[in-house]
Structure formats: C-alpha cells, structure tokens
Amino acid sequence: MNFRDYIASEHLAKKKSPLDIQNWKLVIEKEIPEQLNGCDCGVFTCKYAEYLSQDKAFDFDQGVVAVIPDSRFVRTLDGYNLVNQGDMPYFRRRMIWEMVNKTLL
C-alpha cells in the first residue's frame with residue numbers, strides 16, 4: 001500500500017466516505033533528507049507532504065527539516081534559519097496545536 005492509498009483508506013475509515021484520489025500524482029522522491037532516529041517518521045512524513053503540497057523543492061540537508069524565517073533558531077544559511085533533528089519537539093507541539101485548533105501555521 002502506498003501513501004496515497006493509505007490516506008484514502010484512513011479517510012474512508014474515519015469519514016465514512018470515499019476520498020477521490022484519481023487526480024493525485026504519485027511522486028517518488030529519491031533525494032530527500034532522512035531522519036536520524038527511529039521515532040520521528042510521522043513528523044518527517046508530514047514535512048515531506050507539506051513540501052510536496054506546496055510544490056517546494058526539498059532544499060534542506062540531512063538532519064534539517066525545514067527553513068523557517070524565525071530568529072529563535074541560531075543556525076543560519078543564506079539568511080534563513082534551519083531547523084534540525086533536535087527541533088523535532090517543536091514540530092510535534094506545532095502539529096498538535098494545528099490539529100487541535102484546525103489551523104495550519
């Protein structure tokens with residue numbers, strides 16, 4: 001089962017109605033960052049989906065999850081702040097907040 005089929009089956013199980021995925025494009029990216037631990041696969045999957053849905057290039061290095069214009073992060077590259085594996089707790093809290101508030105940041 002690929003990710004697209006998984007999403008469709010989860011939608012059917014939770015919403016009790018089919019999800020039309022006929023126009024979804026199946027993309028197999030080969031040059032993507034890999035997680036460095038065994039517990040953040042869901043966070044990485046969501047980040048991959050976020051980048052794909054916004055048609056962004058995977059422009060982060062291994063161990064770097066996102067580029068965020070926020071001065072709280074100290075590592076910079078070309079004026080952007082890189083969020084690394086150590087910032088996974090932030091992404092987990094952010095994802096929970098987005099789900100609870102039904103709002104994407």
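Tutor: Leu19 is partly exposed, at a relative accessible area of 28% (buried is under 20%, exposed over 50%, partly exposed in between; 1.4 Å probe, protein chains only). The model is predicted, so local features need pLDDT of at least 70 and side-chain atom pairs 80 or more, while totals for chains, interfaces and linings use all residues. Numbering starts from 1 along each chain as its sequence is written, and side-chain values use heavy atoms, without hydrogens or water.

Leu19 sits in the loop between helix 1 and helix 2 (helices are DSSP runs of H or I, at least four residues, numbered from the N terminus). Beyond its neighbours within four places in sequence, Leu19 is in contact with Ile7, Ala8, His11 and Trp24 (heavy atoms within 4.5 Å). Asp5 is 14 residues from Leu19 in sequence, and their C-alpha atoms are 9.7 Å apart.

Now helix 1, residues 3–15. Here Glu10 and Lys14 form a salt bridge, 2.8 Å from N to O (a side-chain nitrogen of Lys or Arg within 4 Å of a carboxyl oxygen of Asp or Glu). The two residues are 4 apart, about one turn of the helix. Glu10 is partly exposed at 27%; Lys14 is exposed at 61%.

The whole structure has 2 salt bridges. Another pairing joins Glu98 and Arg94, at 3.3 Å from N to O. Both lie in helix 3, again 4 residues apart. Here both partners are buried: Glu98 at 13%, Arg94 at 14%.

Helix 2 (residues 41–53) and helix 3 (residues 88–101) have axes that come within 10 Å and cross at roughly 70° (lines fitted to C-alpha atoms over the stretch in contact, angles from 0 to 180 degrees between N-to-C directions). The two helices are therefore roughly perpendicular, a label for 65 to 115 degrees. Helix 2 brings Val43, Phe44, Cys46 and Lys47; helix 3 brings Met88, Phe91, Arg92, Arg94 and Met95. That contact counts 6 nonpolar residues, no polar and 3 charged.

Last, the largest nonpolar core. It has 9 residues: Val43, Phe44, Tyr48, Tyr51, Phe58, Met88, Tyr90, Phe91 and Met95 (buried Ala, Val, Leu, Ile, Met, Phe, Trp, Tyr and Cys joined through side-chain atoms within 4.5 Å). Helix 2 and helix 3 are the elements that give two or more residues to this core.

Methods. Parallel < 35°, antiparallel > 145°, perpendicular 65-115°, else oblique. Nonpolar A, V, L, I, M, F, W, Y, C, P; charged D, E, K, R; others polar.
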